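Hi,

Here is the structure I said I would pass on.

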Amino acid sequence: MKSDSSVIIRPARNVSGAVRLPGDKSISHRYAMLGAIAHGTTKLENYSTGADCASTLGCLRTLGVVWRKENGSVEIDGTNLELRAPTSPLDCGNSGSTMRMLSGILAGQDFTSELIGDESLSRRPMSRIIKPLEMMGAKITASDGGRPPLRITGNSLKAISYETPVPSAQVKTALLFAGLYAHGDTAVLESVRTRDHGETALRAFGAVVQQQGNESRISGGQKLDAIEAQIPGDLSSAAFFLCAAALFPGSQLTIDFLLLNPTRARLLDVLIGMGVGIAITQLEEKHGELIGTTQVTGKALTGANISGAHTAELIDEIPVLAAIAPYSTNGMEIRDARELRVKESDRIAAVATNLRAMGARVEEFDDGLKIPGGQELHGTELDSFGDHRIAMAFAVAALRAKGETRINRSDAAVISYPAFYETLDSVAEC
Ligand code: S3P
């Protein structure tokens, strides 16, 4: 993301109060896509305010889907599985979720579409969806090394059983969406369980999806029915506030109507393990998703080791965990996180660069980071690397640094959370 925006973050003494977050990004994408191919009009309240989910809606419009946005709600008129051939490329912007998951639906259409993205998305690997969707019968061309732009010619699909080489909920979801259009049962097997919003969303729209162990299975030919839903607050956006409060013993922060899906909530276990007080109340289930109020109390922070399956579960939260690690007593080691190098930026390099600029000692591995605890950081000038999660992670780290921190290209935060800095300002006491 190119921009000359910057933000100054001043040290805080405490992070307290109450926040409510815009709708979860993963769920917003899925509900919008399924709403577009369901029968009837889907009404989504608290749809994600991020640019990524706007990219999904933009692509759907180019595919002939009629939708309306009013006061944070989106109404989508479903097309009953059949989209319209686009007359221009589908612009996925910065959103890997849009490109990968929508490809699953496009693979089953009887037309050709082209998906394009910004500079960052154009560098990201797409072979992970190209290979299985081609096995199902779609024809897909891409740039060298399986990068965008993608040209997808849909087909009548055949079901496959597929074991994903890299744990990825985006790939799993794309294949389950394609499975709706396939003859027979499509099964996706993962070595490590990833977030299950695709399965849950399909069920919310009336499809039958079986899950056994790490395998998810869907029969082709199922129709979807529109839903009315209020999307719970984004847990990956909440991570920045939870970690900010965790930095200051005595902080008391409440986040209500927050997504607490167990396949996404590993961060809460890690924070509890680091000594942070976390209480959950008002638990409820809506459309198969667990939602509740989370209260966090800052206490002395110990440390954490994150590896294996936990790394995959925490993939979006690792930048902010790493950013607070120097302030913990025992530090943090993160391994098996090679996938972070192919996110919106190389997040391992970005975290190491910014922590070092703030004066921290950091060891960088191909698949992770080791950050000793008990370090004092100082404010300085940092870059977001055009990556929303790096911008927000370092806004959090800056709260406990000595002196002011300037984050350049800070508006990268619009990708998932445009109001992030205002909300952080409202709970950080200087
Ligand atoms: C997402 C899955 C993750 C995550 C991304 C959203 C999803 O990506 O990093 O922000 O909504 O399924 P991968 O599936 O590529 O791991």
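**What I found**

Asn80 sits in the loop that runs between strand E6 (73-77) and strand E7 (90-91). Bear in mind that this is a predicted model.

The peptide bond from Pro148 to Pro149 is cis, and its omega is near 5°. Pro149 belongs to strand E10, which covers residues 147-153.

Now for the ligand, which I guess is the part you want. Where does the ligand sit? You will find it in the largest pocket. Around the ligand are Lys25, Ser26, Arg30, Ser97, Arg100, Ser168, Ala169, Gln170, Arg195, Ile315, Asp316 and Lys343. By type, that shell splits into 6 charged, 4 polar and 2 nonpolar residues.

Which helices each supply at least two residues of the shell? They are H1 (25-37), H3 (96-106) and H5 (169-179). H1 gives the largest share, with 3 residues. On the domain level, domain 1 (2-23 + 232-429) and domain 2 (25-229) each bring at least three residues to the shell around the ligand.

- Ser26: a polar side-chain atom is 2.7 Å from an oxygen atom of the ligand.
- Ser168: here a polar side-chain atom lies 2.8 Å from a ligand oxygen atom.
- Lys343: an N or O atom of its side chain is 2.7 Å from an oxygen atom of the ligand.

As for how covered the ligand is, it would expose 390 Å² if taken alone, and the protein buries 95% of that.

Cheers

Definitions and conventions: Residues numbered from 1 in each chain as written. Predicted model: local features only at pLDDT ≥ 70, side-chain atom pairs only at ≥ 80, totals over all residues. Heavy atoms only, no water. Near = heavy atom within 4 Å. Polar contact = N/O pair within 3.5 Å; in protein donor to acceptor, adjacent residues only side chain to side chain. Areas by Shrake-Rupley, 256 points an atom, 1.4 Å probe, with all protein chains shown as cover. 1 Å grid on protein atoms, 1.4 Å probe; cavity = no way out; pocket = protein on both sides within 12 Å on 5 of 7 lines; lining within 4 Å. Sits in = over half its atoms within 2 Å of the grid points. Helix = DSSP H or I, 4+ residues; strand = E, 2+ residues; numbered from the N terminus. Nonpolar A, V, L, I, M, F, W, Y, C, P; charged D, E, K, R; others polar. Domains from an automatic or database assignment.
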